[in-house]
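Please read the following report alongside the sequence and the coordinates. It is written for a reader who wants the cut-offs stated together with the values.

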Amino acid sequence: MNPTYSTELVSDQGSFAELADDWGALYRRCAAATPFQSHAWLHSWWLSYGRRGRLRLVLVRDGGELVAAAPLMRVGRPVPSLVPLGGAISDYGDVLLDDERGEPAVTALAEGLSAAARTALIDLREVRPGAAAERIYDHWRGPRRRVTDSVCLELPALPMDELVSRLPAAKTQQRARAKLRRLAALGIERQVVPPDEVDKALRRLIELHQLQWQGRKVTSEHLRLRFCEHLVRSVGPMVRSGDAVVTEFRLEDDVVAVDLTLLSRRLAGGYLYGAHPCLRERRADVAVMLLDACAEHIRGSGRGVLSLLRGNEPYKHHWRPETVVNQRLLLARRHTAPLLSAVMCDVAARRRGKELLLHWNGWRERKERDGGGRS
């Protein structure tokens, strides 16, 4: 018998909370899903960042079984849009689709999204290549556009000694091994935090994160109470379900660093850490320490990717990662096509602005290098 799919739009917080079990079961059946699509992460994010009346969850069911879901919210700027829950603190946005279901389930979710959008644009940010949302994009019947979004850097899921062996030169490999020996000589011990101690460890992580960035430029959101509350509320359940691991690093019985790594079926990624400045004073390479721990977490797990998540920082390139560019998928109905055009104009203007800024900075650096121009 062919399944008969029904579509539902959920817009109240209480119903979102009650979806935990159904959402979790669907999440496990969607191989492309990342921890940023888990119910624990999204529901907690909504409690910290959501606004009354804006929640839009598009659900597809086969009888009572949830087979597809799009976690969205409505915003009014820069144009009326439905955007993924999770916001700027989530590295990947996506929908959930049951891998065991065929194209009719994809079609049902696409039609549900079209109906939910009404006079708004659907703006799916930070979609990782291979994500479930790409199937929705392929089925979309109205105007659509695909543009690039943030850069992510990824390594193969290999043991630390093999990651070191991938480094481009023998001297570089020797330096990396020397840093690992230095960490061992300092006596830094690491321990995976059990679920009942995660809350305390996360609060210590935030304290150390603030301390390590004191007096330097830092992501301001990471210092806000709402972010701390979201992290503590969401990560405990994620640790218990195997979607996250928290690691403490101890030196002489003191916790000097705490790391939060998120886990999915396909990848693992270090999300946030805090490290005491004493590690720098002792010449401990924190980046190497964290990468070593992350590589150990995924040993034998079957995951294929060790993600360095969003950001193109120079230190990440030392490990010869692959550059993977997230996508922004824009979906409109025919009567909302002008909104799509407006967003595309904004994208083009911002891109041109970045090009001009890079050109200006390059010109200024050349001028300074050549002696500052006229005397």
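This is a predicted model: local features need pLDDT of at least 70, side-chain atom pairs count only at pLDDT 80 or more; totals for chains, interfaces and linings use all residues.

Residues are numbered from 1 along each chain as its sequence is written, and side-chain values use heavy atoms, with hydrogens and water left out.

A nonpolar core is here a set of buried Ala, Val, Leu, Ile, Met, Phe, Trp, Tyr and Cys residues joined through side-chain atoms within 4.5 Å, where buried means under 20% relative accessible area, exposed over 50% and partly exposed in between, with a 1.4 Å probe and protein chains only. The largest such core has 81 residues, and Leu109, Ile136, Val246 and Tyr271 touch the most other members. A second, separate core holds 33 residues, among them Leu155, Met160, Val256 and Val286.

Helices (H or I, at least four residues) and strands (E, at least two) are DSSP runs numbered from the N terminus, and two strands pair if DSSP finds at least two bridges between them. Strand E6 (residues 121–127) has six of its seven residues buried.

| Partner of E6 | Bridges | Direction | Bridge partners |
|---|---|---|---|
| E13 (residues 322–331) | four | antiparallel | leucine 124 and leucine 329 |

A pocket is defined on a 1 Å grid over the protein atoms alone, as an open set of points where a 1.4 Å probe fits, with protein on both sides within 12 Å along at least five of seven lines, and lining residues have an atom within 4 Å of a point. For the second largest pocket, the lining residues include Arg175, Lys179, Asp285 and Trp319. Helix H7 (170–186) and helix H11 (286–297) each supply at least two residues of this lining, and H7 gives the most, with four.

The peptide bond from arginine 77 to proline 78 is cis, with omega near 0°, and proline 78 lies between strand E3 (65–75) and E4. Aspartate 253, which is not a glycine, has a positive phi of about 70° and lies between strand E9 (244–251) and strand E10 (254–263); aspartate 253 counts as exposed because its relative accessibility is 71%. Arginine 320 has a positive phi near 55° and is found between helix H12 (314–317) and E13, while its relative accessible area of 45% makes arginine 320 partly exposed.
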